Amino acid sequence: MMTLLVRTGGVALVLGGFLAFRTLEALFSPDGQIESIGYRAAVVGFQLALIGLGLWIIARPPRLRMPTLGELSLLVAASAIAVGLGELTLRFFNTGRPQDPVIAVG
């Protein structure tokens, strides 16, 4: 059952790789076309990485096991600590407040 789910994920990665170019092109350029060769190469590289990873997962699905209760509790505790520290950081540094406008008198 897990192998079927993993292979389905691999198929999703391959399909995502084929659909990535047009999606990223529409997202990152106002007119819907990427004209820079460097950006096109980066998008094509991302596309090939997705397709390659998907094909590798389909061909050689990794063995997955269900996490233990200890591993799940560690994940929940680490996530709660990360969210708490992020909240404290935002409250302490008040980064969400817009800066006061500067009025030039002259």
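Modeller: Start with the elements. Helices are DSSP runs of H or I with at least four residues, numbered from the N terminus. Read along the sequence, the chain then gives α-α-α. Keep in mind that this is a predicted model.

Biologist: How many helices and strands does the protein chain have?

Modeller: The count is 3 helices and 0 strands.

Biologist: Why is Q47 called buried?

Modeller: Buried means under 20% relative accessible area. Q47 has 14%, so Q47 counts as buried. Q47 sits in helix α2. Also buried in α2 are V43, L50, I51, G54 and I57.

Biologist: Which residues does Q47 touch, leaving out those up to four places away in sequence?

Modeller: Q47 touches G17, F18, A20 and F21.

Biologist: What makes the pairing of Q47 with G17 a polar contact?

Modeller: The cut-off is 3.5 Å between N or O atoms. A polar atom of the Q47 side chain lies 3.1 Å from the backbone oxygen of G17. That distance falls within the cut-off, so the pair qualifies.

Biologist: Why is Q33 called partly exposed?

Modeller: Q33 has a relative accessible area of 47%, so Q33 is partly exposed. Q33 is found in the loop between α1 (2-28) and α2 (37-59). Its C-alpha is 8.7 Å from that of R22, a residue 11 places away along the chain.

Biologist: How do you know that R65 and E71 form a salt bridge?

Modeller: A side-chain nitrogen of Lys or Arg must be within 4 Å of a carboxyl oxygen of Asp or Glu. For R65 and E71 the N to O distance is 3.0 Å. That is within the limit, so the pair is a salt bridge.

Biologist: Are R65 and E71 buried, exposed or partly exposed, and what decides the label?

Modeller: R65 has 55% relative accessibility, so R65 counts as exposed. E71 has 35%, so E71 is partly exposed.

Biologist: What makes E87 and R91 a salt bridge?

Modeller: Their N to O distance is 2.5 Å. The limit is 4 Å, so this pair also qualifies. The count of salt bridges comes to 2.

Biologist: Why are E87 and R91 separated by about one helical turn?

Modeller: They are 4 residues apart in helix α3, which means a separation of about one turn. At 37% relative accessibility, E87 counts as partly exposed. R91 counts as exposed, at 65%.

Biologist: What makes I81, L85 and L88 a nonpolar patch?

Modeller: Patch residues need over 30% relative accessible area, and nonpolar side chains are joined within 5 Å. I81, L85 and L88 make such a patch, with about 320 Å² of surface. L85 is found in helix α3, residues 69-93.

Biologist: And the chain as a whole?

Modeller: Buried residues make up 15% of its 106 residues. The chain exposes about 8,900 Å², and carbon and sulfur atoms supply 71% of that area. Among contacts with a separation of 6 or more, 73% join residues 24 or more positions apart.

Terms used:
Residues numbered from 1 in each chain as written. Predicted model: local features only at pLDDT ≥ 70, side-chain atom pairs only at ≥ 80, totals over all residues. Heavy atoms only, no water. Helix = DSSP H or I, 4+ residues; strand = E, 2+ residues; numbered from the N terminus. Buried < 20%, exposed > 50% of the residue type's maximum accessible area, 1.4 Å probe, protein only. Patch = residues over 30% accessible without salt bridge, like charges linked within 9 Å, V, L, I, M, F, W, Y side chains within 5 Å. Areas by Shrake-Rupley, 256 points an atom, 1.4 Å probe, with all protein chains shown as cover. Polar contact = N/O pair within 3.5 Å; in protein donor to acceptor, adjacent residues only side chain to side chain. Contact = heavy atoms within 4.5 Å.
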